[in-house]
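Dear colleague,

I am handing over the structure we spoke about, and I would be grateful if you could look through it alongside the notes below.

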Amino acid sequence: MISLSKAIAQDGDAASGETLFNNNCKACHSPKDEVVVGPGLKGIQQRRDLAWIVKWVKNPNGVIQAGDEYAVALYNKFNKAQMTAFPAFGDKEVKDILAYIEKANTAVAAAPAGATNTAQAVSGGSGPSDLFTYILVALLLVMLLVLGVLLAIVSILSKAVSGDVSSSEGTSMGDKLRNGLVAFSKNSAVRSATVWFFILMVTKATIDGMYGIGVQQGYAPKQPIAFSHKLHAGQYKVDCNYCHTGVNRGKSATIPSANICMNCHGVIKKESPEIQKIYTAIEKNQPIEWVRIHNLPDLAYFNHAQHVNVGGVQCQQCHGEIQTMEVVEQRSSLTMGWCIDCHRKTDVNTKGNAYYDKLTALHAKKSKEPLKVADIGGLECSKCHY
């Protein structure tokens, strides 16, 4: 049985199986021993043969209703949670998933490439932070104060050296310093410099404010249901694609419908007040009114499928470490400059894509640098504005 199961796993494509598993199975199962919603799948190919697994994946309820002892025991063990059926899956898809499970349990785990570093490399701020501006203003004020004191001291010392001390006899050092500062403040050059300084600061603040129009970096609105990405994507490692189903195939990643929530919450935490809001929305046949966080202006075109499916861009690269957020906020500025900076730095994902073969060959003749998004029209206005 063991040799047969290994042969089945070897017949499958582990890479394709990983994609299938992450998009369809990961929300409820682990490829190892851990229990998520359902059992861990390590050793499933030793416990059941291929024909049984295919039948179960296609129609789990049918297998249970047929009285299969193993299926009924499994159903009862996990609180009668009904597994989602995948009628479109056949032998190939199941073999691919089994190959991935076999690989996940035998391969040595490699340290993942730092998505955080990648995100930080292209996150590029849109300008100096407010803290930096405050520090700069404070330093300038301190410098002006020090300059005033120095000029007052120089004035006093000059009078002392020239012998013109008659007017200052009997005057304390504090009074001399005060008189010097008064004389300094009445100086026309100092007044002009001060006026110009404040004009420049007001101008800078006005320009910074104008550049900030429409930028919602840090925006974290209260949602109608307290959904925690830290719990779902972080602790339980639910794949983003499971809920945001359009991210690989369309312009919008899409907001998950209540039906997707009910795949798990039809049996999990049904008594929770937040989950009850989902039930209420379904009973009233009304959509959940989620508040949109990441919102580009109408004049800008962005396609998730082009970036995620073709470009291989990770969610965290634009949205930040979403798996650590209890309340989701807009981490990146999403300004035009931020996007252009990314296009200038990001290598085109040409590996295994024959579409780029001739283009990469032509590029290699002119430059030793990798092909960047900017080199294939990523800076052209019509790419994003149409």
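The notes below cover the aromatic contacts and then one threonine.

This is a predicted model, in which local features need pLDDT of at least 70 and side-chain atom pairs count only at pLDDT 80 or more, while totals for chains, interfaces and linings use all residues. Residues are numbered from 1 along each chain as its sequence is written, and side-chain values use heavy atoms, with hydrogens and water left out.

Across the whole structure there are 6 aromatic pairs (rings of Phe, Tyr and Trp, the last by its six-membered ring, with centres within 6.5 Å; planes under 30 degrees apart are stacked, over 60 edge-to-face, the rest tilted). One of them joins tryptophan 52 and tyrosine 70, which are edge-to-face because their planes stand at 85°, with the ring centres 5.5 Å apart. Since tryptophan 52 belongs to helix 4 (residues 50-58) and tyrosine 70 to helix 6 (residues 69-77), the pair ties together parts 18 residues apart in sequence (helices being DSSP runs of H or I, at least four residues, numbered from the N terminus). Tryptophan 52 is buried at 12% relative accessibility, whereas tyrosine 70 is partly exposed at 25% (buried is under 20% relative accessible area, exposed over 50%, partly exposed in between, with a 1.4 Å probe and protein chains only). Together with Trp56, Trp52 and Tyr70 form one aromatic cluster.

Threonine 346 sits in the loop between helix 18 (336-345) and helix 19 (357-366), and is buried, with a relative accessible area of 18%.

Best regards

Notes: Helix = DSSP H or I, 4+ residues; strand = E, 2+ residues; numbered from the N terminus.
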